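Visitor: I would like to learn how to read a helical model, one feature at a time. Please give the general idea, then the case here.

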Amino acid sequence: MAVINVEVWNVCVASIILMLLNATCSAGFNMLNTSLADSNRTGMDSKLGYLCSSIYSFVSLAGSLIAPFLTVIPSRFVLFCSSLLYVPFYIGMIFLDKIAIFSGSAVTGIGDGIIWVAIHDYIVRVSRKENLVRNMSLFTFVS
């Protein structure tokens with residue numbers, strides 16, 4: 001019976017969770033561009049998904065500001081809290097309100113930027129020195 005390496009398991013689980021979060025967010029942007037953009041029905045602009053994606057991408061740069069705090073705050077806690085920042089975008093899509101969707105995109109972008117910094121910190125912390133390159137490569141491949 002094969003034994004699973006704990007380092008590899010942690011990296012794979014973190015990678016898969018990040019991949020699922022990003023996939024659902026991308027699906028939301030695509031949904032805004034296609035089915036929700038029927039202006040006769042919802043009053044939404046057909047470029048709304050592109051605008052939300054731009055806001056999301058620009059604001060995610062703010063995630064680099066979390067790096068100094070990761071020495072004090074545990075990276076697993078930061079990962080959990082920042083994954084909750086994906087919720088406002090979906091709440092905005094439920095109500096189909098432009099302001100809620102735009103602000104949800106901004107909050108989700110902040111959460112995504114924080115997740116990228118925190119997940120790399122987490123991988124560095126759970127990896128031994130000789131396995132760090134392998135684990136980073138595995139994370140990049142899976143996510």
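Visitor: How many residues has helix α3, and what span does it reach?

Guide: This is a predicted model. Helix α3 covers residues 48-59, which is 12 residues. From its first C-alpha to its last it reaches 16 Å, close to the 16 Å expected at 1.5 Å a residue.

Visitor: Which residues of α3 are buried?

Guide: The general idea comes from the helical repeat. An α-helix has 3.6 residues a turn, so residues three or four places apart point the same way. In α3 the buried residues are L48, G49, C52, Y56 and V59. They cover an arc of only 105° around the axis, which puts them on the same side of α3. On the other side of α3, Y50 and F58 are exposed.

Visitor: What are the buried residues of helix α5?

Guide: Helix α5 spans residues 87-95, and its buried residues are F89, G92 and M93. Down the axis of α5 these buried residues fall within an arc of 100°, so they line one face of the helix. The face of α5 turned away from this buried side carries two exposed residues, I94 and F95. After α5 comes L96, with a positive phi near 50°.

Visitor: How should I read the packing of two helices? At what angle do α3 and α6 pack?

Guide: Start with the angle and the distance between axes, then turn to the residues in contact. α3 and α6 pack at an angle of about 35°, and their axes are 7 Å apart. Their crossing is right-handed. From α3 the contact takes L48, L51, C52, I55, Y56 and V59, and from α6 it takes I101, F102, S105, A106, T108, G109, I110 and D112. By class, this contact of α3 with α6 has 10 nonpolar, 3 polar and 1 charged residues. L48, C52, Y56 and V59, listed in this contact, are also among the buried residues of α3.

Visitor: At what angle do α6 and α7 pack, and how far apart are their axes?

Guide: Helix α6 (residues 98-126) and helix α7 (residues 132-142) pack at about 145°, with their axes 10 Å apart. The crossing of α6 and α7 is right-handed. On the α6 side the contact is made by W116, I119, H120, I123 and V124; on the α7 side, by L132, N135, M136 and F139. The class count for the contact of α6 with α7 is 7 nonpolar, 2 polar and no charged residues.

Visitor: Is N135 buried or exposed?

Guide: For a single residue, read the accessible area, then the contacts. N135 is found in helix α7. With a relative accessible area of 0%, N135 is buried. Leaving aside neighbours within four places in sequence, N135 is in contact with E7, V8, V11, I123 and S127. One of these, V8, is 127 residues from N135 in sequence, yet the two are 6.7 Å apart in space, C-alpha to C-alpha.

Visitor: What percentage of contacts in the protein chain join residues at least 24 apart?

Guide: Among contacts between residues at least 6 apart in sequence, 74% join residues at least 24 apart. As for burial, 36% of the 143 residues of the protein chain count as buried.

Visitor: Finally, how many helices and strands are there in the protein chain?

Guide: The secondary structure comes to 7 helices and 0 strands. From the N terminus on, the order of elements is α-α-α-α-α-α-α.

How values were computed: Residues numbered from 1 in each chain as written. Predicted model: local features only at pLDDT ≥ 70, side-chain atom pairs only at ≥ 80, totals over all residues. Heavy atoms only, no water. Helix = DSSP H or I, 4+ residues; strand = E, 2+ residues; numbered from the N terminus. Expected span 1.5 Å × (residues − 1). Buried < 20%, exposed > 50% of the residue type's maximum accessible area, 1.4 Å probe, protein only. Arc of directions from axis to C-beta. Axes fitted to C-alpha atoms, helices over the stretch in contact; angles between N-to-C directions. Left-handed = near helix turned anticlockwise from the far one by under 90°. Contact = heavy atoms within 4.5 Å. Nonpolar A, V, L, I, M, F, W, Y, C, P; charged D, E, K, R; others polar.
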